[in-house]
Amino acid sequence: MLTLSVLDQTLIPEGKSPTEALRDTVRLAKHAEALGYYRFWVSEHHASSGIAGTSPEVLLSHLGAKTSHIRLGSGGVMLPHYSAYKVAENFKVLEALYPGRIDVGVGRAPGGTPLASRALQDDIPRSVDRFPEQIRDLTAYLHDSLPQSHRFAGLRAAPYVETAPTLWMLGSSGDSAIVAAEQGAAYAYAHFINPHGGADTMRYYRQHFKPSSYQKELTTLLTISVICADTQEEAELLARSMQLTFVLLEQGKQTNGFPSVETAIDYPYTAYERMRLQDIRNRVIVGSPEQVKQQLLDIRELYQTDEIMIVTMVHDIEAKLKSYQLIADVFREQPQ
């Protein structure tokens, strides 16, 4: 059976406020739970006028109060900016509030501009080379297993709860897979960020995974961008907003919120930008429910994973809710 989950970035649609965008994320989480999705993760981005999700820990606390059983997690916390000890404390608080429901997804990308990174680190540069050490520390704090040889030996991350959040390593290249396999963490590959070489990266993780005291068996998921509608034509139209967004981001241009379909259609594309549209479109599964289902099953086979996390980037919240509804319905109706 294929397990389906959700990633939401709390995009701020053109014409809406950050408050409305956050409310839409809450609405989507409740919708996903009602439809039977397994996890709901939220992302971390900084210094962006188009994304309201800057603090996944805070948002997860609110989402936990608005849902009852869906797993909740970060997709993810950008660990090099922070103290592993403080991240452990944040997520142990969440685990105490919502036992058995919390995932700690961590990555090493900056999640924003160089200036934002400097501010997050209080202008004290922190090398990503420390990332494997940070993962070891975070794991030890989450499981109260800091070794006696550690520089902070004897320290525990409070609150002291009987269960621990599940640690996930997030990546869009082979580097994170190496760390995840070596340290025995669950691994999530971001196909929606980098669709090239992902199957090989996942294969490396499976072949080199070393069981740990807290993660006995390898665990994977694949995050992919999907837009589903009643017809292929309607889905392609909805995808125009996402295509324009990435065309502009590639050139370092800001958007005035996530563009509407109308804005995307009316945009005066240059010849270069029109050339980029198809490549961006190829990163995304777009189509009717049957078309989406078959493509998801095909990519599940390619990556050899039993869980796919779907991120849907469209302007209209009703279209987004319907996309997740159609996907859930088509997977329920027929055997996988």
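In this predicted model, the largest cavity is lined by 14 residues. Leu11, Pro13, Asp24, Ile317 and Lys320 lie nearest its centre. Two elements give two or more residues to this lining: helix H1 (18-35) and helix H12 (317-333). Helix H1 gives the most, with four residues. The space in the largest cavity comes to about 110 Å³. The structure holds one cavity of 30 Å³ or more. Rolling a probe the size of a water molecule over the atoms shows where such empty space is left.

Aromatic rings were examined next. A search of the whole structure finds seven aromatic pairs. One of them joins Tyr189 and Tyr303. The ring centres of Tyr189 and Tyr303 are 5.9 Å apart. Their planes meet at 35 degrees, so the pair is tilted; stacked pairs need planes under 30 degrees apart, and edge-to-face pairs need over 60. The pair links distant parts of the chain. Tyr189 belongs to strand E7 (residues 186-190), whereas Tyr303 belongs to helix H11 (residues 289-303), 114 residues apart. Tyr189 has 0% relative accessibility and therefore counts as buried. Tyr303, at 2% relative accessibility, also counts as buried. The cut-off for buried is under 20%. Elsewhere, Tyr187, Tyr205 and Phe209 form one aromatic cluster.

Charged side chains also meet aromatic rings. The charged end of Arg156 sits over the ring of Tyr160, 3.9 Å from the ring centre. Lys293 lies over the face of Phe331, and here the distance to the ring centre is 5.6 Å.

Definitions and conventions: Residues numbered from 1 in each chain as written. Predicted model: local features only at pLDDT ≥ 70, side-chain atom pairs only at ≥ 80, totals over all residues. Heavy atoms only, no water. Phe/Tyr/Trp six-rings, centres within 6.5 Å; stacked < 30°, edge-to-face > 60°. Buried < 20%, exposed > 50% of the residue type's maximum accessible area, 1.4 Å probe, protein only. Lys NZ or Arg CZ within 6 Å of the ring centre and 35° of its normal. 1 Å grid on protein atoms, 1.4 Å probe; cavity = no way out; pocket = protein on both sides within 12 Å on 5 of 7 lines; lining within 4 Å. Points joined across faces, edges and corners; volume = space filled by probe spheres on them.
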